[in-house]
Amino acid sequence: MYDAKRSQVGVRRWSARTRSASRQRVSLSGDVDRAFETGEFELFFQPIVDLVGGHIVDVEGLVRWHHPVHGVLGPSAFLELDEGIGRRSSLDRVVFDQAASLAARVQAHRIGVSVNVSAGSLMRTSMPSVLDDALRRHDVIAQRLTVEVIEDEMVDEHSTARAVLGALGELGVGIAIDDFGTGHSSLSRLRRLPVTSLKIDRSFVSAMMSSIDDEAIVAAVSHLGRALDLIVVAEGVEDPGLRDHVLRAGLPVDRLQGFAIAEPMPAEQLIAWIEARSGSAVSRV
Ligand code: G
Ligand code: MN
């Protein structure tokens, strides 16, 4: 009986699906070097609008890998792998460069760009200068760029991460706590670190129209953000009625992001989206 159970577990562990997943990981890992050489990583951009006016004020850059065989892959398919082999610094370089390039094109429209960095990036003391280089090359002021870090990765107990965040703060780039409300948060961390905005996790935002509890969490977090003078972003806006709902409830949310506003899109499509909404041209350079 025990043996049978054990072998069942064994069968499940080594199912065809798992094997093909691990084969894919191995093959992806071998593909990463080529991907950097041939420029297969592309930053997509998702608009972030201000609550009251509905104008685009920022975009979040989300990396995609145009894999010649597997198609378009999101970060969950390759970030861990990239981290594991210590190549995240190359990915940061690509991401910062594409983010700064777009920021240069949209800065006349007063639109900023946000990028995601991982715990691994926060452990690299060279990261702020890699970002600074990208900003200088594209002639973008630091204030136009925001670095997003998920709550649990903002380990201020670790002196390297704290120094890196401090250096980013000194550069003048914004620092956002991403997916706020899902991690192990120390509220005092919000005061100690040079945080400038707080993104309320999409699980609360997407459920707030149908759940009083989730609305209570969004209300509490947004009031906390406002009290600490942070820009409060609600991410995961999937219901077109959410904007009115938040306005009626008088919640101190500054910005909205989500599929109900726009999905992540390539730079050229974003430029067209901005031009269609603003009626004015965006730099082609
Ligand atoms: O962890 P972070 O907030 O950076 O994740 C951004 C991810 O959320 C992207 O993959 C993006 O495509 C996705 N996303 C953006 N808007 C929405 C939304 O309205 N609903 C859901 N479920 N996901 C979204
Ligand atoms: Mn993010």
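In the hairpin formed by β1 and β2, where five residues lie between the strands, Gly54 adopts a positive phi near 75 degrees; strands here are DSSP runs of E with at least two residues, numbered from the N terminus. The model is a predicted one, in which local features need pLDDT of at least 70 and side-chain atom pairs count only at pLDDT 80 or more, whereas totals for chains, interfaces and linings use all residues. Residues are numbered from 1 along each chain as its sequence is written, chains are lettered from A and ligands numbered from 1 in the order in which they are written, and side-chain values use heavy atoms, with hydrogens and water left out.

Strand β1 (residues 41–50) runs antiparallel to β2 and is joined to it by nine bridges, pairing being assigned if DSSP finds at least two bridges between two strands. Within this arrangement, Phe45 stands opposite Gly61 of β2. Strand β2 also pairs with β4 in the parallel sense over three bridges, and here Val59 faces Val113 of β4. With strand β3 (residues 71–73), β2 pairs in the antiparallel sense, again over three bridges; a hairpin of three residues leads from β2 to β3, and His67 has Gly71 as its bridge partner. Of the 12 residues of β2, 10 are buried, where buried means under 20% relative accessible area, exposed over 50% and partly exposed in between (1.4 Å probe, protein chains only).

The manganese ion (ligand 2) is coordinated at 2.0 to 2.4 Å by Glu60 (OE), Asn116 (OD1), Glu148 (OE) and Asp178 (OD), donors being N, O and S atoms within 2.8 Å of the metal (3.2 Å for Na, K and Ca); because water is not among the atoms, sites may look incomplete. Because Glu60 lies in strand β2 (residues 56–67) and Asn116 in strand β4 (residues 112–116), the pair ties together parts that are 56 residues apart in sequence. Glu60 is buried, with a relative accessible area of 5%, whereas Asn116, at 23% relative accessibility, is partly exposed.

Around ligand 1 there are 15 residues, of which Glu60, Asp178, Glu235, Glu238 and Phe259 come nearest, a residue being near if one of its heavy atoms lies within 4 Å. The largest share of this shell, three residues, is supplied by β2. An oxygen atom of ligand 1 lies 2.9 Å from an N or O atom in the side chain of Glu60, and for the side chain of Glu235 the corresponding distance is 3.0 Å.

Technical notes: Helices (H or I, at least four residues) and strands (E, at least two) are DSSP runs, numbered from the N terminus. A polar contact is a pair of N or O atoms within 3.5 Å; within protein, one must be able to donate a hydrogen and the other to accept it, and residues adjacent in sequence count only if both atoms are side-chain atoms.
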